[in-house]
Amino acid sequence: MKRIGVLALQGAVREHVQMLEFLDCEVVLVKQQNDLQQLDGLVLPGGESTTMRKLLNRYELLEPIRTLAKTGLPMFGTCAGLILLANEVVDDEPHLAIMNVAVARNSYGRQVDSFEVDLNIPKIGKSIPAVFIRAPHIESVGDGVEILAEHEGKIVLAQDGHLLGCSFHPELTKDTRILKYFLSSIV
Ligand code: GLN
């Protein structure tokens, strides 16, 4: 059984936990440094990245998560979680700065703060529902980063080795394919 941590400071924590348990994972809610022990993977959920950053500082989790990323622990960031992973955040400070992408926040305008589309993701599957909520997009990727999906010309899912990041919320649908893809990268 895979032991997957879900960063549980703020945001869409419960939905990730439910989907991971449905996929037969043991789930650890990560709220402090001790919770990071012996994980096979870590999910960083969506929410509000500036709030999460404050809490990462308060609970002294930033450096330990960076260290785990350097040792190769697979991590999956969704929406605000992607913003936390990114090396660069347009017009803002980076946070964990471990994934070789630049992201821009709130990329889809005020009128369309929230919408759902079906994505065809060649490596994962067809018609995968994707929920965007005040979503970021990936503005550019660095060397070695694979672009897995785009929507209207913007990159919305990319993989940097053991790090996977998407603009949207796969955990808010019943479609488990993206999470399964992440889990399949864990040996
Ligand atoms: N707009 C949020 C941020 O900048 C992300 C939104 C989300 O995670 N749904 O942190």
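Q10 is partly exposed, because 17 other C-beta atoms lie within 10 Å. Here a residue is called buried if 20 or more other C-beta atoms lie within 10 Å of its own, exposed if 12 or fewer do, and partly exposed in between, with C-beta atoms placed from the backbone. The model is predicted: local features need pLDDT of at least 70, side-chain atom pairs count only at pLDDT 80 or more, and totals for chains, interfaces and linings use all residues. Residues are numbered from 1 along each chain as its sequence is written.

Q10 sits in the loop between β1 (3-7) and α1 (13-22). Helices (H or I, at least four residues) and strands (E, at least two) are DSSP runs, numbered from the N terminus. Leaving out residues up to four places away in sequence, Q10 touches G47, E48, T51, M52 and L55. Two residues are in contact if their C-beta atoms, placed from the backbone, lie within 7 Å. P136 is 126 residues from Q10 in sequence, and their C-alpha atoms are 17 Å apart in space.

The protein as a whole contains 5 helices and 12 strands. The C-alpha atoms fill a box of roughly 40 × 35 × 30 Å along the principal axes. Of the 187 residues, 44% are buried. Among contacts between residues at least 6 apart in sequence, 64% join residues at least 24 apart.

The unreviewed UniProt entry places a "binding site" at G47, E48, S49, R105, I133 and R134. These positions are spread over 88 residues of sequence, yet they cluster in space, with a largest C-alpha distance of 12.9 Å. UniProt positions are given in the numbering used here, feature names are shortened, and annotations may be inferred rather than shown by experiment.

The ligand is surrounded by G46, G47, E48, S49, C79, A80, I83, R105, N106, I133 and R134. A residue counts as near a molecule if its C-beta atom, placed from the backbone, lies within 6 Å of it. The shell divides into 4 nonpolar, 4 polar and 3 charged residues. Ala, Val, Leu, Ile, Met, Phe, Trp, Tyr, Cys and Pro count as nonpolar, Asp, Glu, Lys and Arg as charged, and the others, Gly among them, as polar.

S49 belongs to helix α2 (residues 49-58). S49 is buried, because 26 C-beta neighbours lie inside 10 Å. Beyond four places in sequence, S49 touches A80, I83, L84 and H95. I133 lies in strand β8 (residues 125-133). I133 is partly exposed, with 18 C-beta neighbours inside 10 Å. Among its contacts beyond four places in sequence are G46, C79 and D113.

Strand β11 (residues 154-160) is mostly covered, with 6 of its 7 residues buried. Strand β10 (residues 146-151) runs antiparallel to β11, and 5 bridges join them. Strands pair if DSSP finds at least two bridges between them. A149 stands opposite L157 in β11. The hairpin of β10 and β11 has 2 residues between the strands, and E152 takes a positive phi near 50°. Strand β12 (residues 163-166) pairs with β11 over 4 bridges, also antiparallel. A158 stands opposite G165 in β12.
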